[in-house]
Amino acid sequence: MGTARTAVFNWLFARRHGGRFLLRIEDTDRERSKQAFTDSILTGLRWLGLDWDEEIVFQSQRSRDHREAIAALLANGRAYRCYATEAELNAMREAQQAAQQAPRYDNRHRHLSPQQIAAFHKEGRPAVVRFRIDDTQEILWQDMVRGPMRWHGADLGGDMVIARHAPADQIGDPLYNLAVVVDDIAMGITHVIRGEDHIANTAKQLLLYNALGAPQPSFAHTPLILNKEGRKLSKRDGVTSIDDFQALGYTAAAIGNYMCLLGWSPPVELGERFDLAEAAAVFGFDRVNRAGGRFDWDKLNWLNSQVLHAMDGATLRDALLPRWRQAGLNTDQPQAWQEQLAALLGPSLVVLQDGVEQARPFLSTPEPDDASRAQLQVEGCQAALRHVLQHRPQAFEAAAAKALLTAAARAAGVRKGVVMKGVRAALLGCLHGPDLLLSWELLHGVGEDDPRLRAALR
């Protein structure tokens, strides 16, 4: 959710200002980067309608440039090799914890002598590459969301690792903070829009832009998405991926609309329901909130229902048809009939998946539920159903069907409601659902009404 919302804000900003929306897959962490994850990202962005303007950049394919930048930092003394072992670093952290100090690297290998370096080489110790951070330095930037930002070098945890362990004469795999800066420079990135959990990374990266002699982009750090209790949203809150939202039956229009509302206050004239193009025309970070946006399932459901209710029968049928087939329902009816069914169900849908269960009585022979079976046993109900069967016209017409229900109630000596519930129970196997006469007309159109009425008679 957070990644998708960030992508939406980037897209809106680029479109508003006539810029380029670029997509980079940051896959330098080999263990956490899987093709399935990349496919999910691309599918989700396309589904939301977020089109990018240049070829996708895969960070893992740019390691040569990353290593060249690291080599340049080593050559000019802005970086150095650190030979500290994991055991030594663990001992350092334990000592800091015992002294109730914040964890940080103590820069112990920043000023090694040539003799010490030679000894480590002889020992065969691998080394990481660390970037020097001056504890006395202030890092300043004007954040597009948060205004003036100020960080101290001493708050960044000591000299930063920019390449993983490797033999002492080599440069290991580049790490995130270094790689994104090198790629931002190469791609001509002017604005970086991301979540507030990256603020500390921004302070570190600004030092790298300076060390590499490159201008720094503008930064916007968007608020986190929170649950209803105000804590950072997690999967424990029932939050799922964009793919899962799609599977649950949410529409791209509703999800895109809702993403905009998570942290951005649209102008009054835009209202709460809009598409991404309408949002892009007025989007600005002056209306992005600093406080976290609370995820509200009720609001998302309302937005999705409004999207579904506005669909015509043909559009809704096209959205429902794959779900009907996946559920094993009969979809051999004419397309026009299916469109009528979709139009009938549309006003009651919240998510597309609702349209599966609500369509089931129309697309398969229903098994009457307990309430329907009880209704069919009500005194006079069977007599009324027989009257309906005996006097039904060949061609269905709503006014004639309504008159027939009235006549059947009179003939059986029961209230009209008994007859209507009995017909509904016979036709649909349940006592709740869309308009009875419209449902009856649909079933009549595919010859399903008579067999169902007859089956309901004892």
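1. Helix H4 gives the most to the lining of the second largest pocket, with four residues. Helices here are DSSP runs of H or I with at least four residues, strands are E runs of at least two, and both are numbered from the N terminus. A pocket is an open set of points, on a 1 Å grid over the protein atoms alone, with protein on both sides within 12 Å along at least five of seven lines; its lining residues have an atom within 4 Å of a point.

2. The model is predicted: local features need pLDDT of at least 70 and side-chain atom pairs count only at pLDDT 80 or more, whereas totals for chains, interfaces and linings use all residues. Residues are numbered from 1 along each chain as its sequence is written, and side-chain values use heavy atoms, with hydrogens and water left out.

3. The second largest pocket holds about 240 Å³ of space, a volume being the space filled by probe spheres set on the grid points, which are joined across faces, edges and corners. Its lining comprises 14 residues, and Leu89, Arg93, Tyr105, Arg130 and Val161 lie nearest the centre. Two or more lining residues come from each of helix H4 (86-98), strand E4 (127-131) and strand E7 (160-166). By class, eight lining residues are nonpolar, two polar and four charged. Here Ala, Val, Leu, Ile, Met, Phe, Trp, Tyr, Cys and Pro count as nonpolar, Asp, Glu, Lys and Arg as charged, and the others, Gly among them, as polar.

4. Strands E4 and E7 also belong to an open, antiparallel sheet of three strands in the order E3-E4-E7. Its edge strands are E3 (79-82) and E7, each pairing on one side only. From one strand to the next the twist averages 20 degrees, with axes taken as lines fitted to C-alpha atoms and angles running from 0 to 180 degrees between N-to-C directions. Four bridges join E4 to E7; two strands pair if DSSP finds at least two bridges between them. Ala127 has Ala166 of E7 as its bridge partner.

5. His165 lies in strand E7. His165 counts as partly exposed because its relative accessibility is 42%; buried means under 20% relative accessible area, exposed over 50%, and partly exposed in between, with a 1.4 Å probe and protein chains only. Apart from neighbours within four places in sequence, His165 is in contact (heavy atoms within 4.5 Å) with Ala84, Pro126, Ala127, Val128 and Gly172. Between His165 and Arg78 the C-alpha to C-alpha distance is 18 Å, at a sequence separation of 87 residues.

6. Gln100 has a positive phi of about 55 degrees, and Asn107 has one of about 60 degrees. Gln100 is in the loop between H4 and helix H5 (114-123), and Asn107 is likewise found between H4 and H5. Gln100 counts as exposed, at 77% relative accessibility, whereas Asn107 is buried, at 14%.

7. Strands E8 (residues 191-195) and E9 are paired in the parallel sense over five bridges. Within this pairing, Arg194 stands opposite His221 of E9. Strand E9 (residues 218-222) is mostly covered, with four of its five residues buried.

8. Ala247 is found in helix H8 (residues 242-248). Leaving aside neighbours within four places in sequence, Ala247 contacts Arg323 and Gln353. The C-alpha atoms of Ala247 and Leu352 are 9.0 Å apart, although 105 residues separate them along the chain.

Terms used. 1 Å grid on protein atoms, 1.4 Å probe; cavity = no way out; pocket = protein on both sides within 12 Å on 5 of 7 lines; lining within 4 Å.
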